[in-house]
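Biologist: I am new to this structure, and I would like to learn how to read its features one at a time. Could we start with the ligand and then move on to a helix and a sheet?

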Amino acid sequence: MQFVSHSGKESSPFFFEKHDPRECSQTWQVERGAFDQMLFDNAAEKGAHCRDKTRVTNVLFDGEQASGVELALEDGCSKQVNARVVVDATGLSALLANRLNLKQEYEHLKKIAIWTYFENAERDPGPHGGATIILHTRRKDSWFWFIPLRDNITSVGVVGNRDYMLEGRESPETTFAEELELCEAMQRRLANASEVEKYRVAREFSYGTTKQSGDGWVLVGDAFGFIDPIYSSGVYFALKSGELAADAIVEGFAKDDLSAGQLGKWVADYASGTQWIHKLVNAYYTNEFSFGKFLKQHPHHIGHLTDLLIGRIFHESAGDIFDEMEPAMAEAEKMASSDAAATMDERDNT
Ligand SMILES: Cc1cc2nc3c(=O)[nH]c(=O)nc-3n(C[C@H](O)[C@H](O)[C@H](O)COP(=O)(O)OP(=O)(O)OC[C@H]3O[C@@H](n4cnc5c(N)ncnc54)[C@H](O)[C@@H]3O)c2cc1C
């Protein structure tokens, strides 16, 4: 993973493999359609009863207790299915969180993303050609991701504040093009590339939930909460929360306890790990703060930061970097605001 300024000034790459030379330190860039199909087929192979082209239209409750779901089948008929536990993994649709009013948007992270896929984008030569690259635009109002996939296809997207990306703009395509104008480093990479799919927009992301389990139900993945995609952590979090919830459910069946407490017994530990990524997201959006400068002053934190980017967040010292990083962020913001005040004073005095 590597961070690049609008003009092309590159941070030192974060080599996951060098930092921790095990297979699990590798990043896998996956095409979601193919990856999701693999998960679906694997679940069926392991004995799950999988239904494609079927929508859950409602979660059924018996008082406070979830008791099943209502389905809209492919042929247009509806059907009710009883279940001892309902796992909401509906992603950004967040079926239960919306129905039970559990969703809480993060006010400072009201972003949208516009993206498409390019053929023939210029990759870095050598073994780093497959790295995810994050590139700032000129005034840091938005940032691009550059994620190389197979067959010379690259996923390229731009993320910015919702108001900034929507107000006075013509269409998602023009917003993308206008932001590209502000990022020479990305222009260079796309100079000979062409779009191979239509542009897509994601508007509803970065939110938490006030409650993640109830009697007979539990939330996982994006239905549990979603944090900005800057560090590509979403699929890992979805898999991790799914695994933890599954363990709690299996244990609950064995104990005949499918209460909110049992189904959500993993949530506190999970939240205490994922908080580090939330903090890292906040650091990225603190424009006055420079990761590069900070790491130069505190080189012993490079390993800690790489650990966080790899996703090694569920251990006691995972957040050690923030002991020094948060004061550095506060200091950078303070200095920027006193510089701004001094400039205003100067202007008033002339
Ligand atoms: C702009 C953007 C860029 C991202 N980039 C990355 C990245 O680079 N790396 C990364 O790891 N993550 C990334 N993410 C995050 C990642 O996509 C999600 O965190 C991840 O897909 C969450 O998995 P999930 O299974 O919870 O939800 P999803 O993958 O969204 O899966 C939910 C599934 O539920 C289905 N569904 C929804 N409602 C119903 C219903 N009522 N009935 C039946 N089925 C339903 C949907 O069709 C879908 O198949 C990005 C997200 C966004 C918005």
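**Reading the ligand site, a helix and a sheet**

Modeller: Please keep in mind that this is a predicted model. Domain 1 (2-14 + 111-202) and domain 2 (51-104 + 209-261) each contribute residues to the shell around the ligand, so the ligand lies between them.

Biologist: Which residues come nearest to the ligand?

Modeller: Among the 24 residues around the ligand, those that come nearest are G91, G221, G234, V235 and A238. Sorted by class, the shell has 14 nonpolar, 8 polar and 2 charged residues.

Biologist: How should I read a helix, and is helix 2 buried or in the open?

Modeller: An α-helix has 3.6 residues a turn, so residues three or four places apart point the same way. Helix 2 (residues 32-45) reaches 20 Å from its first C-alpha to its last, close to the 20 Å expected at 1.5 Å a residue. Of its 14 residues the number buried is 0, so helix 2 lies largely in the open. After helix 2 comes G47, whose phi is positive, near 110°.

Biologist: What is the order of the strands in the open sheet of 3 strands?

Modeller: In general, strands of a sheet pair through backbone hydrogen bonds, either parallel or antiparallel. Here the order is 5-15-14, with mixed pairing, and the edge strands, strand 5 (86-88) and strand 14 (213-214), each pair on one side only. Strand 5 and strand 15 (residues 217-219) run parallel and are joined by 3 bridges, with V87 opposite V218 in strand 15.

Note on methods:
Residues numbered from 1 in each chain as written. Predicted model: local features only at pLDDT ≥ 70, side-chain atom pairs only at ≥ 80, totals over all residues. Near = placed C-beta within 6 Å. Nonpolar A, V, L, I, M, F, W, Y, C, P; charged D, E, K, R; others polar. Domains from an automatic or database assignment. Helix = DSSP H or I, 4+ residues; strand = E, 2+ residues; numbered from the N terminus. Expected span 1.5 Å × (residues − 1). Buried ≥ 20, exposed ≤ 12 C-beta atoms within 10 Å, placed from the backbone. Pairing = 2+ DSSP bridges.
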